[in-house]
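Visitor: I am new to protein structures and would like to learn how to read one. Could you walk me through this example?

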Amino acid sequence: MAYHKRPVSSYQPCDTFFVESYDDFRAPRMDPKEHARLIARERQYAIAEELSKVASDEFREDIMSHMLDMDVETLPDVESIDIQTEIQWFMRPYLLDFLIEAHTAFQLLPSTLFLTINLLDRYCSRRVVYKRHYQLVGCAALLIAAKYGDKKDRVPTIKELKSMCCSLYDDDMFVQMEWHVLQTLDWTIGHPTIDSFLQVAVMDTSYDPEVEHMALYISEISQFHREFVSKPSSDLAKASLALARCILNRPQPRHTEWASQYDSMTLVGLSQQLHQPSQVLFRKYSSSHYSRVSKILEQFLARQASVASYSPPSPPETTESKPYEGEVGLATPQKASHLSNMPHGYITPPITPENDAFANGVVVGPSACSPSPTPQPSMPYMTAQSYHAEIPYSQQQYLEPQMSFGPGY
């Protein structure tokens with residue numbers, strides 16, 4: 001089709017995105033002064049980045065030592081969470097699914113999610129938490145973490161969090177819970193998250209988005225399970241990175257590097273929890289933004305399962321040797337046959353999901369709010385709006401922190 005140029009006055013408004021000529025729609029020329037300012041600003045950013053890199057190299061050991069000390073000091077106590085009277089470990093995946101969906105909806109930084117989970121666990125290890133307040137504590141932790149380290153324009157508002165909770169809690173309940181979490185933690189918010197240690201580990205290597213996204217995916221899977229709640233973030237970061245490189249067939253770092261000194265038991269524990277991830281987390285990392293690492297991991301596990309189920313053909317039976325004629329008792333020595341305890345030449349660790357209700361469920365999405373889950377033999381998988389009170393707000397007497405939250409441990 002040929003296009004003919006016409007005068008500008010002859011063009012008529014068109015509802016489509018196609019135009020007949022691009023000559024009259026050129027971008028306006030930039031003012032020389034504005035162009036010079038833009039170049040100067042970019043040069044300043046480049047100089048600042050270079051100076052920051054020089055400073056980080058000079059003080060890297062001091063920074064790492066400080067991060068490791070903070071990592072130990074801000075770890076939650078999993079045994080204190082065990083003695084909670086109402087909240088149970090099987091409820092944790094439902095709340096984390098809700099927090100992951102909220103974190104993704106507001107496009108917050110990865111460190112904000114890990115800090116949110118850390119604040120939630122530290123609070124639950126110091127205070128008695130009622131089941132009807134469990135989601136409220138998670139929202140308060142997300143709000144604090146976003147204000148602490150994320151962009152100001154992306155911090156969720158109380159109105160938005162209230163809407164995500166189906167208006168179960170009033171505005172003042174979010175404010176009071178936020179204040180109560182800060183008071184309980186003695187206003188100590190900072191915590192070196194897993195992704196911060198991952199950034200340190202890959203600082204001296206070439207950029208590989210698949211490895212970094214796979215390590216983040218494995219790290220977020222670990223947050224769903226009790227055995228990793230009290231694990232230091234540095235150990236989880238190193239083990240997740242080593243496991244990600246193994247899955248993607250990438251070379252491991254030299255033994256002299258910090259990232260190579262991972263705990264083998266932590267790596268094995270992580271590998272046993274990859275088979276049944278949260279469906280919300282799987283959908284999050286199946287996007288191109290995260291290199292579709294959840295689908296890559298699923299394909300890898302399927303190949304591993306097919307290799308493990310393959311049984312090679314049995315060798316032909318060997319005839320038993322007989323003694324030499326004329327010499328009684330002299331026979332050809334035969335090698336004793338022993339049954340190996342390792343099928344196919346390697347140990348296959350058992351898969352032990354943390355809870356049957358979460359592992360066997362399916363994500364179904366009614367938008368209406370449902371009551372809080374109760375421990376049943378076969379509980380259906382619930383969506384992000386699953387933690388809701390069974391008692392109306394007028395009967396909760398929430399405005400008294402001493403009565404609402406109970407004494408500390």
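Visitor: Where do we begin?

Guide: With the kind of model this is: a predicted one. The protein averages a pLDDT of 74, and 67% of the residues score at least 70.

Visitor: Which element has the lowest mean pLDDT, and which the highest?

Guide: Helix H16, residues 401-405, has the lowest mean at 38, while H5 has the highest at 93. Residues 1-25 have a pLDDT below 50, and beyond near neighbours in sequence this stretch makes nine contacts in the model. Residues 370-409 are also below 50 in pLDDT, with 114 contacts of that kind.

Visitor: How many helices and strands does the protein have?

Guide: There are 16 helices and zero strands. Of the 409 residues, 40% are buried. Now look at how the chain meets itself: among contacts between residues at least 6 apart in sequence, 75% join residues at least 24 apart.

Visitor: How many salt bridges does the structure hold?

Guide: The structure holds ten. To read one, find the two side chains and then ask where each sits. Take aspartate 121 and arginine 92, whose side chains meet in a salt bridge at 2.7 Å, N to O. Aspartate 121 belongs to helix H5 (residues 110-124) and arginine 92 to helix H4 (residues 92-105), so this pair ties together parts 29 residues apart in sequence.

Visitor: Are aspartate 121 and arginine 92 buried or exposed?

Guide: Both of them are buried.

Visitor: What does arginine 250 pair with?

Guide: One partner is aspartate 208, in a salt bridge of 2.7 Å, N to O. This pair links distant parts of the chain, with arginine 250 in the loop between helix H11 (233-247) and helix H12 (264-271), and aspartate 208 in the loop between helix H9 (194-201) and helix H10 (209-222), 42 residues apart. Another partner is glutamate 210, at 3.1 Å, N to O. Glutamate 210 lies in helix H10, 40 residues from arginine 250. Through shared partners, Asp208, Glu210 and Arg250 join into one network.

Visitor: Why does arginine 250 count as partly exposed?

Guide: The class runs between under 20% for buried and over 50% for exposed. Arginine 250 counts as partly exposed because its relative accessibility is 27%. Glutamate 210 is partly exposed too, with a relative accessible area of 27%.

Visitor: How do I describe two packed helices?

Guide: Give the angle between their axes and the distance between the axes. Here H4 and helix H6 (residues 134-149) pack at about 35°, with their axes 10 Å apart. Their crossing is right-handed.

Visitor: Which residues make the contact of H4 and H6?

Guide: H4 brings Arg92, Leu95, Phe98, Leu99 and Ala102, and H6 brings Tyr134, Gln135, Gly138, Cys139 and Leu142. By class, that contact has seven nonpolar, two polar and one charged residues. Notice Arg92 on the H4 side; arginine 92 is also the salt-bridge partner of aspartate 121.

Visitor: And where is serine 125?

Guide: Serine 125 sits in the loop between H5 and H6. Serine 125 counts as buried because its relative accessibility is 9%, and the cut-off for buried is under 20%. The C-alpha atoms of serine 125 and glutamate 79 are separated by 7.9 Å, although these residues are 46 apart along the chain.

Terms used
Residues are numbered from 1 along each chain as its sequence is written. This is a predicted model: local features need pLDDT of at least 70, side-chain atom pairs count only at pLDDT 80 or more; totals for chains, interfaces and linings use all residues. Side-chain values use heavy atoms; hydrogens and water are left out. A salt bridge is a side-chain nitrogen of Lys or Arg within 4 Å of a carboxyl oxygen of Asp or Glu. Helices (H or I, at least four residues) and strands (E, at least two) are DSSP runs, numbered from the N terminus. Buried means under 20% relative accessible area, exposed over 50%, partly exposed in between (1.4 Å probe, protein chains only). pLDDT is the predictor's confidence in each residue, from 0 to 100. Contact means heavy atoms within 4.5 Å. Axes are lines fitted to C-alpha atoms, for helices over the stretch in contact, and angles run from 0 to 180 degrees between N-to-C directions. A crossing is left-handed if the near helix is turned anticlockwise from the far one by less than a right angle, and right-handed if clockwise. Ala, Val, Leu, Ile, Met, Phe, Trp, Tyr, Cys and Pro count as nonpolar, Asp, Glu, Lys and Arg as charged, and the others, Gly among them, as polar.
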